[in-house]
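Hi everyone, thanks for coming. Please have a look at the chain on the screen, and then I'll walk you through it piece by piece.

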Amino acid sequence: MKNRYLLVPLNNKGMEEYNFCIEDTDNILEIDLPTAEYNLLISNNIFSKFNETFILNISDYECEEINTENLSKAFEIIKPIADKLPVFVSCLNIAIEKGTLLGINL
């Protein structure tokens, strides 16, 4: 099964490491996206809404990111189903708190 995961740089060094694709660092939170959450995001067209709103291409075998200025808007998009997305919401909240970004790797 393919590994789907979320990335959140935790500080400026993490942002730099993210931009240079550095792996296994304490400056970037990497969390697997549970299949149930992925399926819910797909069935509710959340990735499609992100793609349209933020001009992205979130799809299988793609890596995209929701940048700092769009994190709050992303939260508004998922708000109706946020209680069913604990991992996704947690990563999104950390990105908002840290002022970084949310990387989505499917």
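**A walk from helix to sheet**

Let's begin with helix H2, residues 35-43, where the buried residues are Glu37, Tyr38, Leu40 and Leu41. A quick word on terms: helices (H or I, at least four residues) and strands (E, at least two) are DSSP runs, numbered from the N terminus. Buried means under 20% relative accessible area, exposed means over 50%, and partly exposed is in between, with a 1.4 Å probe and protein chains only.

Before going on, please keep in mind that this is a predicted model: local features need pLDDT of at least 70, side-chain atom pairs count only at pLDDT 80 or more, and totals for chains, interfaces and linings use all residues. Residues are numbered from 1 along each chain as its sequence is written, and side-chain values use heavy atoms, with hydrogens and water left out.

Back to H2. Its buried residues, Glu37, Tyr38, Leu40 and Leu41, cover an arc of only 165° around the axis, so they sit on the same side of H2. That arc is taken from the directions that run from the helix axis to the C-beta atoms. On the other side of H2, Ala36 and Ser43 are exposed. What covers the buried residues? H3 and H5 are among the elements that do so, where contact means heavy atoms within 4.5 Å.

Threonine 35 also belongs to H2, and it counts as partly exposed, at 37% relative accessibility. Just after H2, asparagine 45 takes a positive phi of about 55°.

Next comes H3. Which of its residues are buried? They are Ile46, Phe47, Phe50, Asn51 and Phe54. Because they fall within an arc of 140° when you look down the axis of H3, they line one face of the helix. Their cover includes H2, S3, H4, H5 and S4. Just after H3, isoleucine 55 has a positive phi of about 55°.

H3 also meets helix H4, residues 71-78: the two axes come within 10 Å and cross at roughly 145°. Axes here are lines fitted to C-alpha atoms, for helices over the stretch in contact, and angles run from 0 to 180 degrees between N-to-C directions. On the H3 side we find Ile46, Lys49, Phe50, Thr53 and Phe54, and they meet Lys73, Ala74, Ile77 and Ile78 in H4. These contact residues divide into 6 nonpolar, 1 polar and 2 charged. For that count, Ala, Val, Leu, Ile, Met, Phe, Trp, Tyr, Cys and Pro are nonpolar, Asp, Glu, Lys and Arg are charged, and the others, Gly among them, are polar.

Now for the sheet. In what order do the strands stand? The 4 strands form an open sheet in the order S2-S1-S4-S3, with antiparallel pairing. S2 and S3 are at the edges with a single partner strand each, so one side of each has no neighbour in the sheet. From one strand to the next, the twist averages 20°. Two strands pair if DSSP finds at least two bridges between them.

S1 (residues 5-9) and S4 (residues 102-105) run antiparallel and are joined by 3 bridges. Here tyrosine 5 stands opposite asparagine 105 in S4. Helix H5, residues 86-98, packs on the sheet and touches S1, S2 and S4, and its direction makes about 15° with that of S1. On the S3 side, 4 bridges join S3 to S4, again antiparallel, and isoleucine 66 stands opposite leucine 102 in S4.

In a regular strand the side chains alternate between the two faces of the sheet. In S4, Leu102 and Ile104 point one way and Gly103 and Asn105 the other way, and all are buried. Asparagine 105 has a relative accessible area of 6%. Leaving aside neighbours within four places in sequence, asparagine 105 is in contact with Asn3, Arg4, Tyr5, Leu7, Glu62 and Cys63.

Last stop, the loops. Cysteine 21 lies in the loop between helix H1 (12-19) and strand S2 (28-32). Cysteine 21 is not a glycine, yet its phi is positive, about 55°, and at 64% relative accessibility it counts as exposed. Tyrosine 61, in the loop between H3 (46-54) and S3 (63-66), also has a positive phi, near 65°. Tyrosine 61 is exposed, with a relative accessible area of 67%.
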